[in-house]
Amino acid sequence: MDPVRNPYAPGAGQRPPELAGRGRELEVFDVVLERVARNRPERSLVLTGLRGVGKTVLLNTFRSMALQRLWGTGKIEARPDQSIRRPVAGALHMAVRELAPRHRAPDRVEYFLGVLKAFAQRDPKLPKGTSVTVTLGIDAPAQRGRADSGDLEVDLTELFAEAASVAGDLGVGIALFVDEMQDIPAADVSALCAACHELSQTGGPLIVVGAGLPHLPAVLSASKSYSERLFRYSSIDRLDRAAADQALLAPAQREGADFERDALDALYEAADGYPYFVQAYGKVTWDVATASPVTAQDVAVAGPQAEGELAVGFFGSRYERATPAERKYMRMMAQLGDDPVPTAQVAEELGVKPSSVSPARDGLIKKGLIYSSERGLIAFTVPHFGRFLRTQPV
């Protein structure tokens, strides 16, 4: 079939042509937006799941929903070696810039920008001589005495309150979206939770929407015990059969094409319901098929090519980031199966003491390749990664 008309989109954070199986999450967020706009108490949201299940896609879709309601929005991607002070400043600057043209009190917006500038300038890692005016584009004079104490918990709480006040003047809200939330440094996680806690008590129209790996709730709980009640958690998993079929059929039918039932059976078995894999197998199968409807034979021919592309772009790129010791650790995990495995068993099978492989394990966790599903257990963050490793030469 015509590759130019191929509707499938396997890409990092790229919205699929049919956002299937996520209706519940979209409905929940729509309610949150409406409740916040009506000054009703509401919690911030956290999405968790393995890589490739569509967390970033949902995050971006939520942002679009907020923009449609004329909210101010900003987004950051957390990094383990970077404080959130400057990224949050940049995101809130963007959010308030979206609101500023409609605000009837320019002085009020100018004051907030001054607070924001003072907040950003307290970043201890700001290179000497670097101008916040240049890096963030804030021309307003810094406002001293507000959100500039140097204590991130205090400063973030005050900054959120000021941003919420600007949005409240317009009867809307501000949404701060945080991807890879598990990578926020521990001290900054604590500050973010404290600021959200204060907002939940004052009812300010600002919410944080985070996305991260399955152990993110544990990361938040370790920073503040009340985080379990502070956020509304939503676990994002693979698509069920009906949703996976819809993700394939709806885009194809809009292009005048269709799939035989056996082809859908084969594609579901190959992709296992993971949204990224659904798109990857769907794209290659479309290109391989000579005519509609797509057959199981088309899927069989496309399978090796799709697996090859995944081996290079999805699995291989991650594997290459690991050191030799880390690769050895992951290969042993893979040999022990696809379910979470005890860290002690990995060390035992490697014939070493658990302490001697701790650097490899910690390095893999920091790189986002594995996570601790619960105390003493580890698992891959990428679905089917164990199966990929078992096919690789030692």
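Me: How many helices and strands does the protein have?

Reply: This is a predicted model. In it, the protein has 17 helices and 8 strands.

Me: How do you know that the radius of gyration agrees with that of a compact globule?

Reply: The rule for a compact globule gives a value near 21 Å for 394 residues, and the protein has 23 Å, so the two agree. Along the principal axes, the C-alpha atoms fill a box of roughly 65 × 60 × 40 Å.

Me: Why is cysteine 193 called buried, and why is cysteine 196 called buried?

Reply: The term applies under 20% relative accessible area. Cysteine 193 has a value of 0% and is therefore buried; cysteine 196, at 6%, is buried as well. Across the protein, buried residues make up 50% of the 394 residues.

Me: What makes up the open sheet, and in which order do its strands run?

Reply: The sheet is formed by 5 strands in the order 2-3-4-1-5, with parallel pairing. Neighbouring strands are turned by 15° against each other on average, direction ignored.

Me: Why are strand 2 and strand 5 called edge strands?

Reply: Strand 2 (72-77) and strand 5 (231-235) each pair on one side only.

Me: How do you know that strand 3 and strand 4 pair?

Reply: Pairing requires at least two bridges. Strand 3 (residues 174-179) and strand 4 (residues 206-212) have 5 bridges, in the parallel sense. Within this pairing, leucine 176 has valine 208 of strand 4 as its bridge partner.

Me: Which strands does helix 6 touch, and which does helix 7 touch?

Reply: Helix 6 (residues 152-169) packs on the sheet against strand 3 and strand 4, its direction making about 120° with that of strand 4. Helix 7 (residues 186-202) also packs on the sheet, touching strand 1 (44-48), strand 4 and strand 5; its direction makes about 140° with that of strand 4.

Me: Which residues have the most contacts inside the largest nonpolar core?

Reply: They are Leu92, Phe160, Met181, Phe259 and Tyr329, in a core of 127 residues. Leaving aside neighbours within four places in sequence, methionine 181 is in contact with residues including Val46, Ala78, Leu192, Val208 and Phe231.

Methods: Residues numbered from 1 in each chain as written. Predicted model: local features only at pLDDT ≥ 70, side-chain atom pairs only at ≥ 80, totals over all residues. Heavy atoms only, no water. Core = buried A, V, L, I, M, F, W, Y, C linked by side-chain atoms within 4.5 Å. Buried < 20%, exposed > 50% of the residue type's maximum accessible area, 1.4 Å probe, protein only. Contact = heavy atoms within 4.5 Å. Helix = DSSP H or I, 4+ residues; strand = E, 2+ residues; numbered from the N terminus. Axes fitted to C-alpha atoms, helices over the stretch in contact; angles between N-to-C directions. Rg over C-alpha atoms; globule rule 2.2 N^0.38 Å.
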